[in-house]
Amino acid sequence: MTLIHVIPSGEWGGPERYAFDICRHFAAEGWQVKALTREALAVDRHFRGAGIQVCHAPLRSYPDYYSARKLAALFRGMPKGEGVVHVHRLNDALTCILARKMARRKDIRLILTLHEATRARNTLLRRIVYRGIDRLLFVSEYSKKTFLSRWRPSAGPLPEEKTGVSYNSLLGATPEQQEPPRGPLSAAYRGKLKPGKGIETLIEAFGRLKDLRLRLQIIGKGKPDYVDSLRRRAHASGITDRIDWIRNTEFAEDACRRVAFGVLPSEQPEAFGMANIEFMASGRPQIATFAGAVPEVLEPEVDSLKIEPGDADGLAHAIRRLATDEALRAELGRNAAERYNTLFAWPLFIRRIERWYRGENID
């Protein structure tokens, strides 16, 4: 089999890690694997480091003929009946449909994964995409429901057999049960630094816990002006010296294992929540809001503690519970690791992906 992943982003994040792990897996299985990118160093170096061939095209937001011609040339070199192209944006799907037509290669399967929870648009170009893709994958039931909410049940833009839900996973994740043996007790936020993620509420809550011997790691990147506003907020709360700002987000499991528990106080619905399973895969409990797809991932008081969005008092109380109760942390962390292995383990994920790549239907 030959697999091409189309990766338009210039930054490393959840969708890029998703594509990278899939490419690494199938390359190790002996498939011919290529990544088509925008010539972004932050993305290319990962794939090249794993021995995966990298090709380049503009991959503009709107379909462009140059990228389509580049893809068409790649399609022509793929064996008949054994080619798959996997994209992560609707616009790239349209470019691939055009490339498939240019190359006269209707046999190449086109898979689209939507990583966000957005309501579908019903335009002419979108209808062309819906008709042209072979499989539309969602990262959660919430994401699928949101996308299809424009249509009545059983009247969506694609037949039910052409859609599927596949929860994200992490290649090579091995849950770790024990907390770090040395150093101060630490909690961590892991994710993008941007409004709506509840980081302001986290800093406010942490400022109310000055009696605890607890450090906070904020792991992620964001726009400089916004990050500066968070730092000023921490300074005003008198907790600057208790926060570690970590920009290196590429080794999530290592970062999660260095702390005792995670804190994910997002105030907006999440399509899936990659950080949730990163903590679970590391055997760490977490405090989280349960908006969007999070209830599909976590179970309150079993592997996590539930808080309400924007509730600094409730968040402070939950942080104090985990910081002062080692037995509770151990129990929730053990349950989190078990749930990860049951629902999100890599073999479960990749078997479904391979069956979709091969054109098989999955109930």
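## Close-up views of a predicted protein model

**View 1. E39 sits in a loop.** You'll find E39 in the loop between β2 (32-37) and α2 (41-49). Keep in mind that this is a predicted model. The phi of E39 is positive, about 60 degrees, even though E39 is not a glycine. That's worth a second look, since most residues other than glycine have a negative phi. Is E39 buried or exposed? With 58% relative accessibility, E39 counts as exposed, because the cut-off for exposed is over 50%.

**View 2. L59 is another loop residue with a positive phi.** This time the loop is the one between β3 (53-56) and α3 (65-76), and L59 is in it. L59 isn't a glycine, yet its phi is positive, near 50 degrees. How accessible is L59? Its relative accessibility is 5%, so L59 counts as buried; the cut-off for that is under 20%.

**View 3. The whole chain, before we zoom in again.** Let's step back for a moment. The protein chain has 14 helices and 13 strands. Its radius of gyration is 21 Å, close to the 21 Å that the globule rule gives for 363 residues, so the chain is as compact as a globular protein of that length. Along the principal axes, the C-alpha atoms fill a box of roughly 70 × 45 × 35 Å. Of the 363 residues, 53% count as buried. Now take the contacts between residues at least 6 apart in sequence: 75% of them join residues at least 24 apart. As for charge, there are 58 positive and 44 negative side chains, and the centres of these two sets are 8 Å apart.

**View 4. Here's the largest nonpolar core.** This core has 58 residues. Which residues have the most contacts inside it? They are F261, I277, I287 and I319. Leaving out residues up to four places away in sequence, I319 touches L202, L209, L214, F261, V263 and I287. Apart from this core lies another one, of 35 residues, among them L36, V87, C96 and I97.

**View 5. S186 is a buried residue in a strand.** S186 belongs to strand β8 (residues 185-190). Its relative accessibility is 7%, so S186 counts as buried. What does S186 touch, not counting residues up to four places away in sequence? The list is L214, R215, Q217, V259, A260 and F261. You've met two of these names already: L214 is touched by I319, and F261 is in the largest nonpolar core.

**View 6. A318 lies in a helix.** The helix is α12 (residues 312-324). At 5% relative accessibility, A318 counts as buried. Setting aside neighbours within four places in sequence, A318 is in contact with I287, L305 and I307. Along the chain, A318 and Q286 are 32 residues apart, while their C-alpha atoms are separated by 9.6 Å.

**View 7. Helix α10 is mostly covered.** How many of the eight residues of α10 (residues 274-281) are buried? The count is eight of eight. Just after α10 comes G283, with a positive phi of about 70 degrees.

Note on methods. Residues numbered from 1 in each chain as written. Predicted model: local features only at pLDDT ≥ 70, side-chain atom pairs only at ≥ 80, totals over all residues. Heavy atoms only, no water. Helix = DSSP H or I, 4+ residues; strand = E, 2+ residues; numbered from the N terminus. Rg over C-alpha atoms; globule rule 2.2 N^0.38 Å. Buried < 20%, exposed > 50% of the residue type's maximum accessible area, 1.4 Å probe, protein only. Contact = heavy atoms within 4.5 Å. Lys, Arg positive; Asp, Glu negative; His and termini not counted. Charge placed at Lys NZ, Arg CZ, Asp CG, Glu CD. Core = buried A, V, L, I, M, F, W, Y, C linked by side-chain atoms within 4.5 Å.
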